[in-house]
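Please look over the sequence and the model below before reading on.

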Amino acid sequence: MLRHDVPVRRDLNQIACDHGFDFHIIDNEIYWDESRAYRFTLRQIEEQIEKPTAELHQMCLEIVDRAIKDEHILEQLAIPPLYWDAIAESWRSKDPTLYGRMDFVWCGNAPVKLLEYNADTPTSLYEAAYFQWLWLEDARRSGAIPRDADQYNAIQERLISRFAELYRPEPFYFCCCEDSDEDRTTVLYLQDCAEQAGQETRFLYLEELGLGVGGVLTDLNDNVIQRAFKLYPLEWMMRDDNGPLLRKRREQWIEPLWKSILSNKGLMPLLWRVFPRHPNLLPAWFDGERPCIQAGASCVRKPIFSREGGNVTIFDGHQQVMEHADGDYADEPMIYQAFQPLPRFGNSYTLVGSWIVDDEACGMGIREDNTLITKDTSRFIPHYISG
């Protein structure tokens, strides 16, 4: 994995505008950063990213199978008992899933280490699947990168294929909250993929959902919603006033209820418990359990429902705070994980996001930040394969 400077397209702002990339600049700061690129070899991608992603995903599915049979695990994950039976039924019924993203730390000279699995509402999808590929085509034409360069990126192809597999005659709703350009772009992109797969789709803000007779969900025209993709966390849905309706399983939600086990940071100590010393895992434990690391080693504290680095704290071996990110999750249960520093290039720390669609590893996105904690504003950097 090498990083090098590349020329920025002179008409980048117009290109982003033409393709609906409304958040390539966030708060007057660069989010999409094509002034540099990461170069990988095909062997690095296949052996160091794709292969461990596939193996880890299967391990995660085993955790789901164990969790639905063990109330103690569900308690540790802070999943309300009200939903335990519905989650188990969702898993046993094989309710379909769409996608997820594993976040890795990789320094190039050792196996990747899984930091967390964004299995319910992962973002940076549009950038990784679509806009990154546009950059590759332009960069090859301009000579900024080798003309025979490739990219680890079959994400869009797999999404369209998956939506084709999920075909049903009734409309497929795509939902997000009103106040996020990033969420809206992600959802509209997925809606476009579904339409390419032959689905009839409709867009709806979550704030526009209605409640019909008998507790059915409706759109603005009082049509009953039978299936929907939502970019809204399952744990938030469970806490909403209408959350108990999830137990009736009238709607087919993407992602399904069983994904609440995988989208929880508590997944990390569960993986370490079942697969101790696995080369792609870091020691992890729940708050209150005996630490899995030697005294004096650095560790990271994470709220189990944290997103975009919120309320994550890194401690050194003397339990002094090395890094902290503010957020809205300070009152959530915590887990601890052994600290593995992200590789540093100049003043930036690099995180690898490995994408999974329908249980298949299929692409990658890279984020950079000036701190050790990756956040929603962390820069997205394109990559390519050569050699």
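## An open sheet

Helices (H or I, at least four residues) and strands (E, at least two) are DSSP runs numbered from the N terminus, and two strands pair if DSSP finds at least two bridges between them. This is a predicted model, in which local features need pLDDT of at least 70 and side-chain atom pairs count only at pLDDT 80 or more, while totals for chains, interfaces and linings use all residues. Residues are numbered from 1 along each chain as its sequence is written, and side-chain values use heavy atoms, without hydrogens and water.

Five strands form an open sheet in the order 13-17-14-15-16, with antiparallel pairing. Strand 13 (284-286) and strand 16 (321-324) each have a single partner strand, so one side of each edge strand is left without a neighbour in the sheet.

## Strand 13 and its surroundings

Strand 13 runs antiparallel to strand 17 (residues 334-338), and three bridges join them; A284 has Q337 of strand 17 as its bridge partner. Across both strands lies helix 10 (residues 267-274), running at about 115° to strand 13, where angles run from 0 to 180 degrees between the N-to-C directions of axes, which are lines fitted to C-alpha atoms, for helices over the stretch in contact (heavy atoms within 4.5 Å).

## A parallel pair

Elsewhere, strand 7 (residues 172-176) pairs in the parallel sense with strand 8 (residues 201-205) over five bridges, and F172 stands opposite T201 in strand 8.
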